Amino acid sequence: MAVLSLSTVSKYFGPKVGVEGIDIEVGRGESVLLFGHNGSGKTTLLRLLATLTRPSEGTISLEGTEFSRDRPTQRGEIGFVAHETYHYEQLTARENLRLHARLHGVDRSRCETQLDAVGLADRASDPVSEFSHGMAKRLALARATLHDPLLLLLDEPFTGLDQESLLRVTDQLRNLEETTIVFATHDVDHGFTHADRVLTLKGGQLVRDIDTADCPGPDAIRQQYVDTPRQP
Ligand SMILES: Nc1ncnc2c1ncn2[C@@H]1O[C@H](COP(=O)(O)OP(=O)(O)OP(=O)(O)O)[C@@H](O)[C@H]1O
C-alpha cells in the first residue's frame with residue numbers, strides 16, 4: 001500500500017492555479033524530487049502535504065487515512081523543512097529541539113543524538129540568533145526528523161549550504177531509509193542523487209513522473225527543464 005496518496009488534488013488562489021489535478025502514490029521509504037520552474041507549484045504541493053493549507057479539490061491520504069478538512073490529525077507523522085527555518089531565535093539549539101520533543105512526546109535524550117547527527121553538538125548551548133544560515137537549516141532538519149516522521153517534506157534543502165552543511169544534510173537524508181521523502185530543489189545534481197523518482201510540475205500540473213533508475217542522469221532532467229517552457 002502507498003504511504004502517501006493524492007487523488008485529483010487542486011489548490012486555487014482565487015483565479016490563480018497553485019496545483020491542479022495531481023494524482024500521485026508514493027511508497028514507504030521512497031524519495032521523490034519535485035522539479036519545475038519558479039511558480040510551477042512545488043511549494044504549494046509541499047504545503048498541502050504538510051497540512052498547512054487545504055486542497056480546494058481532491059483528497060490526500062497518509063497510510064490510508066484521509067487528511068480531515070477541519071483538523072488534520074497527521075501532523076505528528078510529518079516533518080517539514082520549509083524555506084524559512086522557523087526557530088525560536090532567542091532560544092538555544094538544544095532548547096528549540098526540546099520544545100519540539102515535548103510537543104511530540106519524544107524523549108529529550110534524542111535531542112542530543114539529533115544535534116550530534118547534524119554536527120551541532122558543540123553549538124547546542126548557543127542561541128539560534130547566532131547561527132549561520134547553514135547551521136539553522138541543519139537544526140531545522142534535526143527538528144523535522146526528531147519525532148521519526150513517516151513523511152519528511154523538504155523545500156530547497158540544499159540552498160545556501162556551505163560544503164560542511166551540505167555533507168551533513170545529505171548524510172542525514174541518506175540514513176533515512178524508512179522515511180518517505182518529498183522534496184523540492186533547483187539543485188538537480190544533489191536532488192538526483194537522493195531521489196528515486198522525479199516529478200515535473202508545469203503550471204501547477206504534473207507533466208512527468210520518472211524513476212531516476214530509468215533516467216540517464218541529472219543532465220537529462222536539466223535538459224527537460226530547458227525544454228519545458230515557462231508558463232505565461
Ligand atoms: N498565497 C498565495 N496567494 C496567491 N497565489 C499564490 C499563493 N501561493 C502560491 N501562489 C501561486 O501559485 C503558483 C505556484 O506557486 P509555488 O510557490 O507553489 O511555486 P514554486 O514551484 O514553489 O516556485 P519557486 O520555485 O519560485 O519556489 C504561482 O503562480 C504562485 O503565484
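A cavity is here a set of points, on a 1 Å grid over the protein atoms alone, where a 1.4 Å probe fits but cannot get out, and its lining residues have an atom within 4 Å of a point. The structure is a predicted model, in which local features need pLDDT of at least 70 and side-chain atom pairs count only at pLDDT 80 or more, whereas totals for chains, interfaces and linings use all residues. Residues are numbered from 1 along each chain as its sequence is written, and side-chain values use heavy atoms, with hydrogens and water left out.

A search of the whole structure finds 2 cavities of 30 Å³ or more, a volume being the space filled by probe spheres set on the points. The largest cavity, with a volume of about 40 Å³, is lined by Leu4, Leu6, Ile24, Val26, Val32, Leu45, Leu49, Val182 and Leu199. By class, this lining has 9 nonpolar, no polar and no charged residues. The second largest cavity has a volume of about 30 Å³, and its lining consists of Val81, Lys137, Leu141, Leu154, Pro157 and Val169.

Serine 165 lies in helix α5, residues 163-175 (helices are DSSP runs of H or I with at least four residues). Serine 165 counts as buried because its relative accessibility is 0%, the cut-off for buried being under 20% relative accessible area with a 1.4 Å probe and protein chains only. Not counting residues up to four places away in sequence, serine 165 touches Gly134, Met135 and Arg138, where contact means heavy atoms within 4.5 Å.

Key:
1 Å grid on protein atoms, 1.4 Å probe; cavity = no way out; pocket = protein on both sides within 12 Å on 5 of 7 lines; lining within 4 Å. Nonpolar A, V, L, I, M, F, W, Y, C, P; charged D, E, K, R; others polar. Helix = DSSP H or I, 4+ residues; strand = E, 2+ residues; numbered from the N terminus. Buried < 20%, exposed > 50% of the residue type's maximum accessible area, 1.4 Å probe, protein only.
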